[in-house]
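Hi,

Here is the structure I promised to pass on.

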Amino acid sequence: MANLVAILATTHHPFYYKTSQLPPDQAPPFAAEWVRKVAAYRETLTRANPDVLVMVGSDHFHQLWLDNMPQFLIGKAPFYDANWYNEEREFGLPRLLLKGHEELSAYLLREGIDRGFDLAFSNELRVDHSITCPIFTVRPQNDLPIVPIYTNIFAPPLPRPERFVKLGQTIRELIDAWPSDLRVAVIGTGHLSLELGGPRQFGPHGPDPEFDAQAVEWIANGDIDGCLANVTLDSLHAPGNATHGFMDFMLMMGIAGYRKADYADNLDLFHTMEAYFTWYPNGVDSL
Amino acid sequence: MSRYLLNKFLFTIDRDPELVEKYRDDPAGTVAWWEAEQANRVLNCTAGEASTWLAFEDAERQALTGHDHVALFGLGAHPFLTLTLWIAMFERDHTEPLAMQLDYAAKLAHLTLPYPDIAT
């Protein structure tokens, strides 16, 4: 069976790439610590030595649109072009070409559908910064094939938090049962409290530091039940109008299961809190 | 209410560099042209397969024509789409980093939860 060697759940901050490229005399004061934390986080993936990456993110109205909006979608293609004109324009993100792992895509689609998730698929998917930010941060050499999984955290009606957790648990079962000798890592990105296009945006911290602190505790402790008891589609409006992206963290908690993260770090930035978690399903000693 | 159409306008303008400039420079002309020529286009279909029923309501047309992001927020336009396009059009008019985004937020400061519904 395949070996699930690492599970990474992190925020995706589209300004990291540009910030990390700035010479020290032009970089903002928080840049050095941010780069240092990301480098440490990158090592948590590197040491797991994966062969293939399953990547969970959310399209930001790039390819997926309101005339035909899937709730959960898996890419199945030999390649994925990446990043869009408005991401180049706003964030300075370069375009990328990622390799796909079609066999694992096909397996997850077939088995996922058979287990009760009517997954959409795409044979030509241009992924966006929800997938490429973690490439820039934890796998900048972009040398591994990926399976992109998109969730709808953006265009209501959304699936409920329980559904995200359940999909995560299902993905975990499927990867554990995949007849392959490859080493698989799953990397998912979401948000803590976040406001975009509303009155609380771009403040000195995330819009709800209390929520962020609680969310970090839930994730770091693998407290799926505590999280589910406190998070609903309605409740996520209060911490910030884009906080439904937290449900991608909940999906990742479903993949990791009821266990503490082996690595947890965060960084309070303007606008948002950055957070970095890694689990090693076989234990740290297995690495 | 045609939130979907508001979003479709913001979405299709934002992804086209020429339309971003056109909307910045001539909002009334761009909105009129778009509603007449583009509003009914099904995005992944040929022109002959267009829809026949999509039109703005007066308040929506007015909000777009006035570059009025506060009104758009009130109408339930998707805040991410509005913000992204506004950054593309107006960040260049500010000298300090994030000044545009903070001004944008300040103009919405009178709003409290719950925000207008954005479901389409």
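**What I found**

In chain A, among contacts between residues at least 6 apart in sequence, 82% join residues at least 24 apart (two residues are in contact if their C-beta atoms, placed from the backbone, lie within 7 Å). Before you read on: this is a predicted model, where local features need pLDDT of at least 70, side-chain atom pairs count only at pLDDT 80 or more, and totals for chains, interfaces and linings use all residues. Residues are numbered from 1 along each chain as its sequence is written, while chains are lettered from A and ligands numbered from 1 in the order in which they are written.

**Chain A**

The secondary structure of chain A comes to nine helices and ten strands (DSSP runs numbered from the N terminus, with helices being H or I of at least four residues and strands E of at least two). Its C-alpha atoms fill a box of roughly 50 × 45 × 40 Å along the principal axes. A compact globule of 287 residues would have a radius of gyration near 19 Å, and the 17 Å of chain A agrees with that (taken over C-alpha atoms; the rule is 2.2 Å times the number of residues to the power 0.38).

Of the 287 residues in chain A, 51% are buried (20 or more other C-beta atoms within 10 Å of the residue's own, with C-beta atoms placed from the backbone). Strand S8(A), residues 183-190, is mostly covered, with seven of its eight residues buried. S8(A) pairs in the parallel sense with S1(A), residues 3-11, over eight bridges (strands pair if DSSP finds at least two bridges between them). Thr11(A) stands opposite Gly190(A) there. S8(A) also pairs in the parallel sense with S2(A), residues 52-57, over five bridges, and Val56(A) has Gly188(A) as its bridge partner.

**Where the chains meet**

The contact takes 22 residues from chain A and 29 residues from chain B. On the chain B side, H1 (3-14), H6 (79-90) and H7 (99-106) each supply at least two residues. H6(B) gives the largest share, eight residues. That side of chain B divides into 22 nonpolar, five polar and two charged residues (Ala, Val, Leu, Ile, Met, Phe, Trp, Tyr, Cys and Pro count as nonpolar, Asp, Glu, Lys and Arg as charged, and the others, Gly among them, as polar).

**Inside chain B**

Pro27(B), Ala28(B) and Val31(B) in H3(B) meet Arg61(B), Leu64(B) and Thr65(B) in H4(B). These residues divide into four nonpolar, one polar and one charged.

Cheers

How values were computed:
Buried ≥ 20, exposed ≤ 12 C-beta atoms within 10 Å, placed from the backbone.
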